[in-house]
Amino acid sequence: MPKSSSKPVSRYAELPVDQIACYANNPRVTRNPEYLRIKNSLQKNGIESPLVVTRKPGDKNYTLHAGGNTRLNIAQSLHDAGDEAFAKVPCIVKQWTSELNLLVSHLRENDMRGNLMFIERALGVMEFARLAKPPDADQISQRELARQLSEHGYTLSQPVVSAMDYAVNRLYGLLPSALEHGMGKRQVMSIRALEHCAVRIWDRQCPDEAGEFTDLFSELVKNCDGATFDLDELTTNVANEIAVAAELDINTVLLMLDAERSGDPIELDQFVPVVPDESRKHDQPAEKRPFNLDRDLQKWRSAAIEACVVLAERFDLSDCVHVMIDARFGYCMCELPKRNATKLQVGIWKLLATACDQAKASKRVLKQILRPESRLAEALVSGRASDAYDDLLDIDLLDCGDRLLRALDDSDWRHTIDLLIAYRNMRKLADDHSLNLWKA
């Protein structure tokens with residue numbers, strides 16, 4: 001007798017649009033930037049891909065099972081406006097499994113589309129933590145949370161879970177605008193490191209007020225909220241508060257913060273006053289540092305890598321970057337953007353590829369660097385390197401110029417400028433000394 005399958009059964013159905021609800025715990029908290037494009041497509045073509053829905057036992061209405069919230073919202077609004085073409089919508093009906101599986105399905109779907117910000121993913125993960133918490137416990141440990149997420153098919157490392165916890169439960173009430181404008185894991189972790197270091201220094205230098213800096217730090221963070229976030233501004237404000245309370249020079253506090261972050265804290269008695277050398281002749285010109293080509297190239301490579309990594313993370317392109325610390329321009333683009341990448345992401349990808357002269361790399365050199373399974377490597381098998389980018393990225397950078405320029409906030413601009421300055425200097429060094437940085 002054949003064994004019965006335990007796999008949940010799915011079926012196709014056309015369901016009344018008003019009997020389907022968006023997922024209540026949808027990770028997205030901001031409006032989909034593709035909303036208008038999707039609306040135009042639905043008005044022209046209807047819903048071409050069925051919505052995936054499920055229904056909890058005992059419920060009358062269906063719930064979206066994996067993504068589709070934007071399409072459903074648009075379909076319902078069009079139907080409410082009198083468009084009977086959206087009275088019923090095509091659906092794949094999946095058997096109900098659990099609330100945790102439903103949440104993870106939406107997280108995975110949004111991740112595949114590459115359109116969730118860090119705070120939105122973090123909110124979804126923290127909602128999973130709430131649902132997965134044992135009834136008799138106040139909370140679930142981060143390690144256990146990471147383990148259960150992995151069991152449900154959504155793998156995150158414990159440090160990433162920790163950063164998400166801090167973002168949601170510590171920063172979201174203080175920096176809602178910054179987080180909803182794209183603040184990423186890197187900045188979140190930097191703020192957390194600054195807080196830990198500042199608290200330790202405050203407790204040492206102001207023992208009578210130990211334990212009181214946490215609330216003050218909250219106020220300082222809140223004052224920095226906005227569409228753009230400046231970590232240097234926050235660091236200076238934090239150092240100033242400690243300096244005033246402890247009657248120290250602000251530069252001394254900044255040095256203490258740097259030392260604390262590096263894991264080698266210093267005390268005040270370690271500061272040795274600098275006694276000027278009066279015997280030195282001030283009218284004697286300083287000796288010029290001898291030119292060193294390798295050193296200068298490495299300096300600009302490091303600057304390019306830092307700027308590229310920040311921009312790639314900001315626009316969810318980290319998987320496309322391969323860092324080459326001591327070679328060429330410091331990095332290359334080892335993969336194409338995701339197939340459903342936005343025009344903005346493609347524009348940033350082209351900017352990064354341009355700033356490392358990747359179009360000048362030969363097919364033979366690229367094949368030595370790229371992962372064999374990457375889409376870019378596969379494209380190079382049957383095409384010239386110079387044509388691969390244009391063939392696979394069907395977009396002219398000018399098409400998204402306005403969107404690209406308006407999307408760069410102050411921090412993005414600084415990193416973009418740093419990247420282009422580093423590129424220009426490496427290009428000049430290569431030209432002056434007849435170097436081919438993409439030579440095998």
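Below are my questions with a reply to each.

Reply: Before we start, this is a predicted model, where local features need pLDDT of at least 70, side-chain atom pairs count only at pLDDT 80 or more, and totals for chains, interfaces and linings use all residues. Residues are numbered from 1 along each chain as its sequence is written, and side-chain values use heavy atoms, with hydrogens and water left out.

Me: How many helices and strands are there in the protein chain?

Reply: Helices (H or I, at least four residues) and strands (E, at least two) are DSSP runs here, numbered from the N terminus. On that basis the protein chain has 18 helices and seven strands.

Me: What share of the 440 residues counts as buried?

Reply: Buried means under 20% relative accessible area, exposed over 50%, and partly exposed in between (1.4 Å probe, protein chains only). For the 440 residues of the protein chain, the buried share is 44%.

Me: What percentage of the contacts with a separation of 6 or more comes from residues 24 or more positions apart?

Reply: A contact is heavy atoms within 4.5 Å. Among contacts in the protein chain with a separation of 6 or more, residues 24 or more positions apart account for 70%.

Me: Is helix H13 largely enclosed or open, and how many of its 12 residues are buried?

Reply: Helix H13 covers residues 343–354. Its buried residues include Leu344, Ile348, Trp349 and Lys350. H13 is largely enclosed by the rest of the structure, because the buried count among its 12 residues is 10.

Me: How far apart are the end C-alpha atoms of H13?

Reply: The expected span of a helix is 1.5 Å times one less than its number of residues. For the 12 residues of H13 that should come to 16 Å, and the end C-alpha atoms agree, being apart by 16 Å.

Me: How many disulfides does a search of the whole structure find?

Reply: A disulfide is a pair of cysteine sulfur atoms within 2.5 Å. Cysteine 334 is in no disulfide, its nearest cysteine sulfur, that of cysteine 332, being 6.0 Å away. Cysteine 334 is also buried, at 3% relative accessibility, and cysteine 197 is buried with a relative accessible area of 3%. For the whole structure, the number of disulfides found is zero.

Me: How many salt bridges are there?

Reply: A salt bridge is a side-chain nitrogen of Lys or Arg within 4 Å of a carboxyl oxygen of Asp or Glu. Counting by this rule gives 16.

Me: Which residue forms a salt bridge with arginine 147?

Reply: Look in helix H5 (residues 142–151), three residues from arginine 147, about one turn of the helix. The closest N and O atoms are 2.6 Å apart, and the partner is glutamate 144.

Me: Which residue pairs with glutamate 260?

Reply: This pair links distant parts of the chain, 60 residues apart, from helix H11 (residues 250–261) to helix H8 (residues 185–205). With the closest N and O atoms 2.9 Å apart, the partner is arginine 200.

Me: And what is the closest N and O distance for aspartate 258 and arginine 261?

Reply: The two are three residues apart in helix H11, so about one helical turn separates them. Aspartate 258 is partly exposed at 45%, and arginine 261 is partly exposed at 35%. Their closest N and O atoms are apart by 3.0 Å.
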